Amino acid sequence: ADDAATGIAVLRPQETLAPLSIAHFSADAPRLQSEVAVAGYSYDGVLSAPSMTFGTLADVRGLQGEAGVYRLAMTTLPGDAGGPVFDATGSVMGMLLPKPGGARALPDVIRRVLAGAGVSIKAAAETAVSEPEDITQTAVGMTVLVSCWD
């Protein structure tokens, strides 16, 4: 499935995969200034695993007050686009999109696109804060590098 409006694509592998971990989506509203992390391939696949970037949730609205955009206080690189954004419990709270200004896709948008593609999601049950090392382990187990070319 491909949702051009959000920049989200859902890919189906040709062979069955067995990921080390799966995404659990946050059901709670995020808190301002809470810790967040992004897993991505910052260096375009030079490293064999995703890089983690840690920061905070600066706001739950865009610079123009638009809903559906989280602003993160962190520095990400273009290769991080498409990577999951984790809250402090290790639950996915969104996805970093490759749009000007670094827009983020929130769980409701991701849920809608996944449902349209016939993919079911699992809600997070964890509410305790996770250590950065645990979030990193989860991220490494579910984040893969996807390259597109003609």
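Helices (H or I, at least four residues) and strands (E, at least two) are DSSP runs, numbered from the N terminus. This is a predicted model, in which local features need pLDDT of at least 70 and side-chain atom pairs count only at pLDDT 80 or more, while totals for chains, interfaces and linings use all residues. Residues are numbered from 1 along each chain as its sequence is written, and side-chain values use heavy atoms, with hydrogens and water left out.

**Figure 1. Overall fold of the protein.**
The protein has two helices and ten strands. Along the sequence these elements follow the pattern β-β-β-β-β-β-β-β-β-α-β-α. The radius of gyration (taken over C-alpha atoms) is 15 Å, close to the 15 Å that the globule rule gives for 150 residues, so the protein is as compact as a globular protein of that length. The globule rule is 2.2 Å times the number of residues to the power 0.38. Taken along the principal axes, the C-alpha atoms fill a box of roughly 40 × 35 × 30 Å. Of the 150 residues, 37% are buried; buried means under 20% relative accessible area, exposed over 50%, and partly exposed in between (1.4 Å probe, protein chains only).

**Figure 2. The largest pocket.**
A pocket is an open set of points on a 1 Å grid over the protein atoms alone where a 1.4 Å probe fits, with protein on both sides within 12 Å along at least five of seven lines. About 1900 Å³ of space lies in the largest pocket, a volume being the space filled by probe spheres set on the points, which are joined across faces, edges and corners. The lining of the largest pocket (residues with an atom within 4 Å of a point) comprises 46 residues. Nearest the centre of this pocket lie A9, L11, M142, V144 and V146. Two or more lining residues come from each of strand 2 (8-9), strand 4 (35-40), strand 8 (92-96), helix 1 (107-116) and helix 2 (132-142). Sorted by class, the lining has 30 nonpolar, twelve polar and four charged residues. Here Ala, Val, Leu, Ile, Met, Phe, Trp, Tyr, Cys and Pro count as nonpolar, Asp, Glu, Lys and Arg as charged, and the others, Gly among them, as polar.

**Figure 3. The second largest pocket.**
The volume of the second largest pocket is about 470 Å³. This pocket is lined by 25 residues, and S26, D28, A29, P30 and D87 lie nearest its centre. Strand 4 and helix 1 are the elements that give two or more residues to this lining. The largest share, three residues, comes from helix 1. The lining of the second largest pocket is made up of 13 nonpolar, five polar and seven charged residues.

**Figure 4. Two nonpolar cores.**
A nonpolar core is a set of buried Ala, Val, Leu, Ile, Met, Phe, Trp, Tyr and Cys residues joined through side-chain atoms within 4.5 Å. The largest core has 15 residues, and I8, M52, F86 and I110 have the most contacts inside it. Strand 4, strand 8, helix 1 and helix 2 each give two or more residues to this core. Helix 1 supplies the largest share, three residues. A second, separate core has nine residues, including V38, L72, M74 and V85. In soluble globular proteins, nonpolar side chains tend to be buried together.

**Figure 5. The salt bridge between R112 and D3.**
The model has two salt bridges, each a side-chain nitrogen of Lys or Arg within 4 Å of a carboxyl oxygen of Asp or Glu. In one of them, the side chains of R112 and D3 meet at 3.1 Å, N to O. R112 belongs to helix 1 and D3 to strand 1 (residues 2-3), so the pair ties together parts that are 109 residues apart in sequence. R112 is partly exposed, with a relative accessible area of 47%, whereas D3 is buried at 15%.

**Figure 6. The salt bridge between D59 and R71.**
The closest N and O atoms of the salt bridge between D59 and R71 are 3.0 Å apart. D59 lies in strand 5 (residues 51-59) and R71 in strand 6 (residues 71-73), so this pair links distant parts of the chain, twelve residues apart. D59 is partly exposed, with a relative accessible area of 22%. R71 also counts as partly exposed, at 27% relative accessibility.

Q33 has a phi near 70°, a positive value in a residue other than glycine. This residue lies in the loop between strand 3 (24-25) and strand 4. Q33 counts as exposed, at 53% relative accessibility. Phi of D44 is likewise positive, near 55°. D44 lies in the loop between strand 4 and strand 5, and at 63% relative accessibility D44 counts as exposed.
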